[in-house]
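This briefing sets out selected features of one protein structure. Please keep the sequence and the coordinates at hand while reading.

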Amino acid sequence: MDIVAEADEARFRALMQAHHYLGALRPVGETVHYVARHRDRWLALAVFSAPALKSGPRDRWIGWDRSLQFGRLHLVSNNSRFLILPDAPRNLGSRVLSLCARRIVHDWPARFGHEILLLETFVDPARFHGTVYRAANWIEAGLTRGFARHGQAYVANARPKRVFLLPLSRTARSRLRAFRLDPRLQHGVPRMTLSVEHMETLPDCFRDIDDPRRKAGRRHTLPSVLALATAAVLCGMRGYKAIKEWVDDLKPSELRRFRVRFREGRHERPSEWVIRDVLVRVDPAQLDAALRAWQEAHGGGRDTALAIDGKTMRGAVDDDGRQTHVLGIVGHESAAPLGQKKPS
């Protein structure tokens, strides 16, 4: 069992495209390709890549909630392709999977700088029974709901998959769902942990921002919605759906600190549509000024250096028909955004 050499990548993709019913997989992000061989003869191919963003059976088995999940998905890898080549000996599959599991715990940290704790895979029951995974001691966690990702959306395709999991250590499950993540397992920029003070001061930060919505039918205050969205982003959420799911996981005591509307004995959480509508229509200059003021008051120590970077906004043009460029400033030590501006 070896990692596929760069010189053999084309051969690997060609064989996968020719013999796997899903075809070859374009490598995106952290990906490892394995080949099982006997001398110079290739017998089996396997691809391990980024995990599914959401998987009900996997998430229930781990026992984590969304507030933990998004900062720990890098500790999970998906066996996204597995292929026994046509001329290989029979009864080879479980042996190959076992060898992959033994190797990946060493290969993944060497390549990507962090441990990996869990492997997952999805098996189409219309084609396979998952026998090879059971034989390799993988755990069947249940069936998916039959949704497939298309772009940024999930679409029902009426083809639920069996989910199989393989913990790579005896403590993998407890480490993945622990309240505090072991610092050795952290990867990338750490997410902010919100204190009670942060939650209670965020709504005040936005109280002077003009509300672009009509007064009629307004159920949630602008400061509350903006505070929830800001807190979710600080905790690592990306996108309106992830922000809404983070809000749904908040406890009543936390919702109270964000001053969420309380009616008929319960807190009414803003919908994804409300969050999107507010963020799209709010004055960006006012929002930026309010966030910078809150950051200065509650963001921690001063930075000794600043990182400045410019980005071109794809598909965005200004009133003169020119493509929009944005200049951003980030604190070097804190990794905190200190502001962004469209150059004049």
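This is a predicted model: local features need pLDDT of at least 70, side-chain atom pairs count only at pLDDT 80 or more; totals for chains, interfaces and linings use all residues.

Residues are numbered from 1 along each chain as its sequence is written, and side-chain values use heavy atoms, with hydrogens and water left out. Helices (DSSP runs of H or I, at least four residues) and strands (runs of E, at least two) are numbered from the N terminus. Residues are called buried under 20% relative accessible area, exposed over 50%, and partly exposed in between (1.4 Å probe, protein chains only).

**Salt bridges**

- The structure holds 21 salt bridges, each defined as a side-chain nitrogen of Lys or Arg within 4 Å of a carboxyl oxygen of Asp or Glu.
- Side chains of opposite charge can pair when their charged atoms come close.
- One of the bridges joins K54 to E245, with 2.7 Å between the closest N and O atoms. K54 sits in the loop between β3 (41–49) and α2 (56–62) and E245 in helix α9 (residues 240–248), so this pair ties together parts that are 191 residues apart in sequence.
- K54 counts as partly exposed because its relative accessibility is 26%, whereas E245, at 10%, counts as buried.
- R259 and D204 form a salt bridge through their side chains, at 2.7 Å from N to O. Because R259 belongs to the loop between α10 and β10 and D204 to helix α7 (residues 196–205), the pair ties together parts that are 55 residues apart in sequence.
- D204 is partly exposed, at 32% relative accessibility.
- Another bridge is formed by the side chains of R218 and D211, at 3.5 Å from N to O. R218 is partly exposed at 31% relative accessibility, and D211 is also partly exposed, with a relative accessible area of 24%.
- Salt bridges that share partners join D2, R37, R103 and D107 into one network.

**Positive phi angles**

- N91 is not a glycine, yet its phi is positive, at about 60°. N91 is placed in the loop between β4 (76–84) and α4 (93–112), and its relative accessibility of 76% makes it exposed.
- R259, the partner of D204, is likewise a residue other than glycine with a positive phi, near 60°. The loop that holds R259 runs between α10 (252–257) and β10 (262–263), and R259 counts as partly exposed at 42% relative accessibility.

**Nonpolar surface patch**

- Y21, L22 and F128 make a nonpolar surface patch of about 290 Å². Patches consist of residues with over 30% relative accessible area and no salt bridge, with nonpolar side chains (Val, Leu, Ile, Met, Phe, Trp, Tyr) joined within 5 Å and like charges within 9 Å. Accessible areas come from the Shrake-Rupley method with a 1.4 Å probe, and for residues only the protein chains shown count as cover.
- L22 lies in the loop between α1 (9–19) and β2 (32–38) and is partly exposed, at 47% relative accessibility.

- V76 is part of strand β4 and counts as buried, at 1% relative accessibility.
- Leaving aside neighbours within four places in sequence, V76 is in contact (heavy atoms within 4.5 Å) with P51, R58, W64, I116, L118 and E120.
- The C-alpha atoms of V76 and A52 are 8.9 Å apart in space, and the two residues are 24 residues apart in sequence.
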